[in-house]
Amino acid sequence: MGNLPKAFGQSVRRKEDPRLITGAGRYTDDQQLPQQAWAAFVRSPIAHANIGEVDTSAALEHPGVVGVLTGAEFAASGLNDLACGWMIHSRNGDPMRVGEHPALASQRVRYVGEPVAVVVADSRQAARAAAELVMVDYDELPVVSDVEAAAAPDAVVLHDAAPGNQCYDWEIGNRDAVRKALDEAAHVTEIRLINNRLVPNAMEPRAVNASYDASRDRYTLYVASQNPHGLRMTLAAVIGFGPEHKIRVISEDVGGGFGSKAFNYAEEVVCMWAAKRLGRPVKWTAERSESFLTDAHGRDHITTARLAMDANHRITALDVSTHANLGAYLSTFGSLVPTYVYATLLSGQYDIPNIYANVVTRYTNTTPVDAYRGAGRPEAGYVVERLVDVAARELGIDPAEFRRQNFIRTFPHATPVEMTYDSGDFQAHLDKALDMIDAAGFEARREASRAEGKLRGLGIGCYIEAAGIGPSARLGKLGSGAGLWESAEIRVNPTGSVEVLTGCHSHGQSHETTYAQLVADRFGISVDDVEILHGDTDVVQFGMGTYGSRSGPVGLSAIDMACDKIVAKAEKIAAHLLNVPADTVTFEDGEFASEATNERLGFAEVALNAYTAHHFPTTEIEPGLKETTFFDPPDFNFPAGTHVCEVEVDPATGVVRIARFVAVDDFGVIGNPMVVEGQVHGGLVQGIGQALLEQARYDDYGQLLSGSYMDYCMPRADDVPDFDVGFTETRSTTNPLGMKGCGEAGSIGSPPAVINAICDALGIRHIDMPATPEKVWRAVTSAA
Amino acid sequence: MEITVTVNGRSHRLDVSPNTLLVDILREQLRLTGTHVGCDTSQCGACTVHLNGDAVKSCTVLAGQADGASVVTIEGIGAVDDLHPMQAAFREHHALQCGFCTPGMIMAAIDLVEKSDHLDDAAVREGLEGNICRCTGYHNIVNAVLSVAEAKA
Amino acid sequence: MYPFNYHKPSSVDEAVSLFLDAEDPAYLSGGMTLIPTMKQRLAMPTDLVDLSGVQAMRGIERQDQKLVLGAFTRHAEVARSEVVAQAIPALAHLAGLIGDNQVRYRGTIGGSVANSDPAADYPAAVVALGAEVVTNKRTISSADYFQDLFETALEPGEMIVRIELPIPRRAAYRKFPNPASRYAVVGVMVAQFDNGVQVGVTGAGPCAFRASTLEAALAADLRPEALAGVDIPDAGFNADLHASAEYRAHLVGVMARRAVADLLAS
């Protein structure tokens with residue numbers, strides 16, 4: 001007791017791993033329930049059509065089929081549409097225009113893959129085979145598969161509620177001030193960018209296993225979700241499955257999410273409905289081709305931006321116009337992504353006195369678009385970092401130097417777009433990153449490459465992001481339908497071991513380890529004596545799940561504050577045990593002590609006494625040792641960093657090889673460096689994937705051309721380099737631990753770093769992502 | 001049809017339809033759910049097992065092709081208190097996050113190390129091109145595999 | 001997958017007769033293309049004739065100036081074979097570039113050549129080396145074998161038993177892989193024989209072909225520079241998300257130059 005080394009801040013090996021490396025993880029598809037039935041969805045093969053007759057007779061006769069349910073039956077079920085959780089108002093004050101979005105379509109389909117019926121059968125094979133026998137008449141309509149087509153005056157309208165296919169026309173910042181600054185500028189740099197549409201591709205496909213117990217009038221939903229409580233609330237209050245206590249949502253091991261499993265999807269609703277209707281547990285696991293068609297996609301912006309500078313190369317204004325593709329329907333957070341987590345980050349790391357952004361969103365006949373790792377912030381970071389890079393080159397100054405001249409240097413700093421950065425040292429990570437990549441030696445390496453017929457380039461991406469968004473009241477004003485605090489409950493057992501119940505959800509983020517490290521230190525116990533429980537609404541109190549890099553700064557802060565409460569109560573109990581005044585008791589390194597006595601008590605002794613309740617007046621102090629906290633962060637926190645990429649381009653083929661990659665990030669206080677580095681690595685490869693490889697492409701008929709791993713280019717081990725990751729530290733002031741979110745950073749800084757490097761190598765102004773070999777080869781050819 | 005297949009040292013006589021895949025036999029009939037399915041085009045490698053000593057994608061092996069074969073899955077290579085060196089290395093190097101691709105990645109990596117004379121960073125990366133991971137960025141996976149290869153050398 | 005009947009014959013004759021007796025059969029070799037296609041429900045054979053039990057289709061052997069590969073020889077066996085490494089190292093190299101490790105343990109040369117996927121690697125070697133495709137009925141020269149997209153000279157039920165590859169003096173294979181699928185966007189094998197240079201191209205067109213203009217240039221001057229001015233028209237070339245016909249034509253030149261450089265260095 002009292003002598004354990006501190007765990008928090010150390011690279012403690014993960015508590016999750018033993019089960020996951022031995023094949024003992026429990027993912028949703030691993031669950032097999034008694035009387036298990038399987039669902040297969042009948043999905044529209046057409047991007048836009050009115051639905052005619054749906055003939056289920058042949059399917060119903062297929063052996064093993066339990067039931068076939070159609071959109072028409074769903075429409076009669078009394079269940080409500082899928083909903084978007086964030087209200088955005090257009091600049092004219094109008095609320096966003098929301099089209100109807102039933103979980104099973106009965107009137108009209110608006111994207112390929114949209115479910116129109118479900119077949120439930122005794123086996124997966126039977127369900128799938130019978131689904132092919134459901135005959136649906138489609139009366140085809142014209143198709144719009146990108147925002148520009150959707151904006152055309154004669155474009156077909158997807159939703160009657162949204163003329164011109166426009167959902168909203170939103171703005172932020174001061175347009176007049178920006179116009180004036182642009183007029184008065186010594187130099188203006190303008191760029192047009194496409195932020196390519198991505199498919200999240202968590203390796204575990206989405207999965208659902210829904211059952212209904214009539215004797216208890218209660219649903220149980222196993223689901224691969226990042227946010228089990230939020231999903232339960234939605235299923236209860238929005239969809240209409242009844243009160244929350246009649247629904248249990250369990251998300252045990254979840255195989256990655258990256259945002260895509262934070263939403264309410266049709267399949268969850270339909271499987272619950274079917275389970276009750278048919279009296280069987282109904283399981284559905286997406287095939288990868290279904291994932292491509294139905295997991296909410298990410299990004300898909302077209303942006304024009306202008307940067308104004310004065311004669312001293314100081315940035316005076318930024319003007320941004322973005323057209324964002326929402327897909328066929330508003331997904332759960334679809335309206336938020338291109339607004340309050342995008343345009344609010346357009347100041348980047350720079351002191352820009354005037355910013356204005358206009359965002360117009362439209363519906364198209366494509367898969368709905370929602371939050372994908374970074375969600376809005378990579379889009380903003382890309383705009384800013386491409387723009388400053390081009391500006392520096394136009395002005396003929398070193399891009400690093402141009403950035404330095406314009407960095408924000410004092411904190412807190414209020415930007416013209418809603419955010420107040422609490423802390424940071426942008427110069428520090430830029431300097432460290434350039435040092436780590438040996439920028440000084442770059443020209444020599446460039447020469448060496450040239451001697452071998454290769455083109456080498458260096459690119460910088462200085463990103464900022466807003467993580468752990470809050471406080472809830474402010475988010476409510478901005479349109480959020482929910483609060484974004486986080487909860488923690490700490491249960492100290494009589495023998496001194498501890499269970500921590502968190503409303504966050506771990507699907508790769510290592511909460512079971514990092515959270516335990518903090519709690520172990522707080523109580524002076526071993527990491528092995530702390531169990532982190534999450535992902536089951538029957539076990540854990542209400543919480544908000546994991547996305548937006550919130551689990552450290554928000555979730556762990558809630559745990560830390562609950563620890564405070566535990567210690568406070570334990571100190572009172574210890575005072576009685578030690579027979580000393582309560583205000584003399586201290587707790588440090590697992591020991592309760594007092595200046596009034598030489599006697600000391602261990603954490604476990606006090607825990608036991610809390611439960612025996614023999615030695616303190618229970619009229620004053622309740623027995624037991626269990627505390628709950630709901631932590632609402634007073635503001636966002638602002639992770640920031642510098643990513644530097646060095647590429648070598650083969651001009652003959654256009655192949656880009658990443659020769660070096662350095663990421664230096666300021667995540668404030670770090671709980672487990674090994675885990676945080678891992679988060680950075682993963683984010684970097686998703687960002688590099690966006691920059692070089694990945695793109696969801698539709699044809700003019702709304703067919704997804706890159707709908708499998710044969711055509712959608714997922715980064716493989718041999719596509720990416722080893723990474724050199726470093727940290728700087730400025731504490732966040734918006735949470736008690738001083739932490740900043742680390743989950744998304746890698747995907748934000750890397751795309752501009754890669755593209756800036758390619759442009760540097762080729763001596764060109766711009767190339768759109770993904771910079772595929774053919775695109776690069778064409779750029780080389782036309783630059784020559 | 002009836003097939004006999006030895007899985008992790010135990011022989012099973014199974015009645016299956018010909019269109020059953022090895023991965024379905026493992027997951028659904030034998031309830032060995034450590035082997036995962038991550039795609040439907042034989043690309044992702046999450047379902048990798050050893051079939052007669054070679055790493056294969058069990059989503060692309062038919063029941064009939066597995067008849068008479070010996071199969072080793074992630075459950076058959078080590079236990080929590082007796083980890084295979086590759087499992088231990090994955091933990092030590094933080095080579096997994098969500099864990100979904102991990103069983104297949106470990107099975108592919110074991111094969112790679114066993115069958116290769118010399119492995120460096122590039123060779124490991126090339127050798128794992130049949131396995132997709134979306135979480136780790138591969139950096140730590142490569143380090144884990146190299147550590148096992150170096151210990152073998 | 002749709003249901004099917006499964007057969008596992010032990011001889012060529014048995015395999016062929018099972019095939020001919022079935023309604024809509026398919027031969028199953030390594031299954032690396034066929035099984036995913038069936039899983040996606042894009043193919044629905046009534047019967048699968050699994051060739052893995054046919055011993056006559058196995059084996060790697062050198063016979064004088066020929067390398068003879070049983071049709072059921074898996075890519076990994078070719079990639080690691082000492083015999084192949086001695087006879088045609090470029091072929092071992094090619095086999096080691098197909099798919100990924102797991103695919104190479106299953107896929108076979110016979111399956112690849114029979115399928116004639118325009119982006120498969122082996123066809124480049126078959127045409128560049130002037131191989132002979134030996135079936136249960138006859139011997140087909142590589143010049144006649146590949147006919148069009150997924151179309152070969154094989155008749156219904158006819159099956160490849162072995163492939164006989166003349167051993168060149170030197171050869172080299174260069175591949176530009178599709179970044180997603182890892183098939184060949186373009187693959188070029190250059191082979192030098194006593195009587196000339198032969199160039200086989202895969203990935204670029206509907207099926208593998210000999211690049212006669214490149215061969216002519218190299219016949220005069222076997223150096224990468226000799227290909228500098230050679231025009232490679234892209235008419236009829238494949239185009240997809242990853243590469244236009246024009247880019248493919250360009251890549252044929254680049255891969256050919258690099259293959260020649262490799263050949264000269266070998």
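Chain B meets chain A through 45 residues of its own, in contact with 44 residues of chain A; two residues are in contact if their C-beta atoms, placed from the backbone, lie within 7 Å. On the chain B side, the elements that give two or more residues are α3 (85–92), α4 (102–115), α5 (121–127) and α6 (139–152). By class, that side has 20 nonpolar, 16 polar and 9 charged residues (Ala, Val, Leu, Ile, Met, Phe, Trp, Tyr, Cys and Pro count as nonpolar, Asp, Glu, Lys and Arg as charged, and the others, Gly among them, as polar).

A word on what you are looking at: this is a predicted model, where local features need pLDDT of at least 70, side-chain atom pairs count only at pLDDT 80 or more, and totals for chains, interfaces and linings use all residues. Residues are numbered from 1 along each chain as its sequence is written, while chains are lettered from A and ligands numbered from 1 in the order in which they are written.

Now turn to chain C and its helix α10 (residues 212–220), whose buried residues are C:L214, C:A217 and C:L218. Seen down the helix axis, these buried residues fall within an arc of 95°, so they line one face of α10(C). On the other side, C:S212 and C:A220 are exposed. Here, buried means 20 or more other C-beta atoms within 10 Å of the residue's own, and exposed means 12 or fewer, with partly exposed in between. The buried residues of α10(C) pack against β13 (196–202) and α11 (245–265) of chain C.

Key:
Helix = DSSP H or I, 4+ residues; strand = E, 2+ residues; numbered from the N terminus. Arc of directions from axis to C-beta.
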